[in-house]
Amino acid sequence: MEPHEGQDKPHLPPPSLWPVGFAIGVVCILVGLIVSWFAVAVGAAVTLVFGFLWVRDVTGDYRRREIPAATVDAQGGAESATTGAPAIPASEGEAAMPPPEPGERFDRNMFLEGATLGLGSVIAGIVTVPILGFAIGPVFEHKHHHEVDLGPIENFKEGQFVISTFMLDPSEGEITRRTAFVRNNGFFKGKPSFTILSNRCVHLGCPVQPNGPLFENRKVQQPTKAGDVTLIPVLPAGGFGCPCHGGQYDQEGNRTAGPPVRALDRYEFYIRNGRVSLGKTYSVADVTGAGASAQIHKYKLAGPGQHVDGPEQIFYPLQPPS
Amino acid sequence: MANKSRKDEMLRVAQYPLDWLEERSGLIGGLKYFLFRKVPRDSGWWHTLGSATLTAFLVQLGTGVILAMYYKPNPNDAYESVQHITNDVTLGWLVRGMHKWGASVFIILLFFHMARVFLFGAYKYPRELNWIVGVLLVPIALLEGFSGYLLPYDQTAYWATVVGININGTAPILGPFLASFLRSGSEIGGDTLSRFYSLHMLLLPGAILGLIGLHLYLVVRLGVSSPPWSEEAAGRDRDEAPATPGSGLVNPSARGVSRRPD
């Protein structure tokens, strides 16, 4: 290990031009790779020569190391010779400053400390607040809901469930594909009535499956402005069941067994120009009755597993905007 | 004689770059201080579980960086790019396999390490803080697993994440907001995938690295504890006076400061 006692003495190698020549040589090689092999050779020669001289220069001190470093002493002596007298330390003589007590604080000292911490926090805040806002804010913004066109009403036979898959937002693509079970209930008090169940299990959000045969031979690929809608008639005689944890629902979406805490969510719907379209989703505590005359206990959309009625609803007082 | 001085000269030349580095940075001494620590005589294989966990994490780090070079975190390409890595890219199957199975190895070793520290009573004074840091590392490591599970973007990944996020959503009061944050909105979409990707490869590994640094600092400062059946005091320095058998920890507060390398 090299001696450490030299730390407070100048320890720099004397300035040298050799590295400059070395660098020029390297540049010459690199340029030569593109321009001509001759330049590479010249560059290599320059690099080698200057590299050798540089290394020789730098290691010269090391190779002469056996000689005691008398030169340093000579330098120190020369310095005191020019000033005429050794320098007086600040703690001696008439203008001496008393050394500060350990732990003593000065106004300026504290001001600087406060300013550093204060300005640092301000800068950190200015930088952090927008970053956090960017990470969290967009999540809780209201999204614009598109109505989803499912095609003409004739595709939905009265009393028949139809598995309808559609894109919620065509601009986002297939990732927004959703499924709903749509049943035409005929007319109720002169107005068309539909039961439209979301296939999202209200336990933890897995896709619910109909318990009964699908009529694939009557499948309809209905083109709409928002991409194709697939319609497959189905007879969910045993209601609907979830493959993940065994939640079961009847044909009105009421829970009949398993872990779900409420009935299946439903879609609002509109009939425009003889076409069915879906609106927002809402949550349902339970449904009494069936078909067109069913009484739906409707609530604001809540996440799967969250109670919308009963004493447990106090656990979910607020819902993020959807 | 001349031969010997020749050899000395060679050694001196070989030593020179190391000395150069040491004089300017102290890194060599620091490395020696970190590596050549005194450990209790009867520490054994059980004490290697921490290093094993660290190694497993480093494997995840290395393989993850390379996987990120081929993976495309958007809903239309994610699944295809993982298939591409597995089937087409040279040795992609191996690196992906290392990352996938290594994740489980990391978690398993983490819990083994935790069990060892618990059963050996190594969390006791003065190492309580290190236990706390370790306990903080557990959920972050589990979150790494959760966020990484979505990335292959197949049916399993998608629905497992749906369920996982909705489980978070059922937590009282703030649950629905936490679920929205994870989902990046009210529905899973393209932003969910890139959000999970960012968490998985930047935020969470960064947090783990920081906490591992703190964890190791405390290990080095406090020393390794001896097993409960040891006759030696926990973490005794070799140059300290031998403790009487079974006397427990000797003067632990002085250990950190007195343990500079000579």
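## A tour of chains A and B

Start with a pair of residues in chain A: select A:Val162 and then A:Pro233, its bridge partner in strand S7(A). Keep in mind as you look around that this is a predicted model.

**Stop 1: strand S2 of chain A**

Now widen the selection to residues 161-167 of chain A, which make up strand S2. Next, bring in strand S3, residues 177-188 of chain A. S3(A) is also antiparallel to S2(A), with seven bridges between them. To see where the two strands face each other, pick A:Phe161 and look across to A:Arg183 in S3(A).

**Stop 2: a four-stranded sheet**

Stay in chain A and look for an open sheet with antiparallel pairing, whose four strands come in the order S5-S8-S9-S10. At the edges stand S5 (209-210) and S10 (255-257); each has a single partner strand, so one side of each is left without a neighbour in the sheet. Then select residues 240-241 for S8 and 248-249 for S9, a chain A pair held in the antiparallel sense by two bridges. Click on A:Phe240 there, and you'll find its bridge partner in S9(A) is A:Tyr249.

**Stop 3: chain A as a whole**

Zoom out to take in chain A, with its four helices and 13 strands. How many of its 322 residues count as buried? The share is 23%.

**Stop 4: helix H7 of chain B**

Over to chain B: select residues 155-169, helix H7. Colour the buried residues: B:Thr161, B:Val162, B:Ile165, B:Asn166, B:Asn168 and B:Gly169. Look down the axis of H7(B) and these buried residues fall within an arc of 150°, so they line one face of the helix. What do they pack against? Show helix H6 (128-150) and helix H8 (175-183) of chain B and you have the answer. On the other side of H7(B), find B:Gln155 and B:Thr156, which are exposed.

**Stop 5: where the chains meet**

Finish by showing both chains together. Their contact takes 24 residues from chain A and 24 residues from chain B. On the chain A side, that makes 13 nonpolar, eight polar and three charged residues.

Terms used
Residues numbered from 1 in each chain as written. Chains lettered and ligands numbered in written order. Predicted model: local features only at pLDDT ≥ 70, side-chain atom pairs only at ≥ 80, totals over all residues. Contact = placed C-beta atoms within 7 Å. Nonpolar A, V, L, I, M, F, W, Y, C, P; charged D, E, K, R; others polar. Buried ≥ 20, exposed ≤ 12 C-beta atoms within 10 Å, placed from the backbone. Pairing = 2+ DSSP bridges. Expected span 1.5 Å × (residues − 1). Arc of directions from axis to C-beta.
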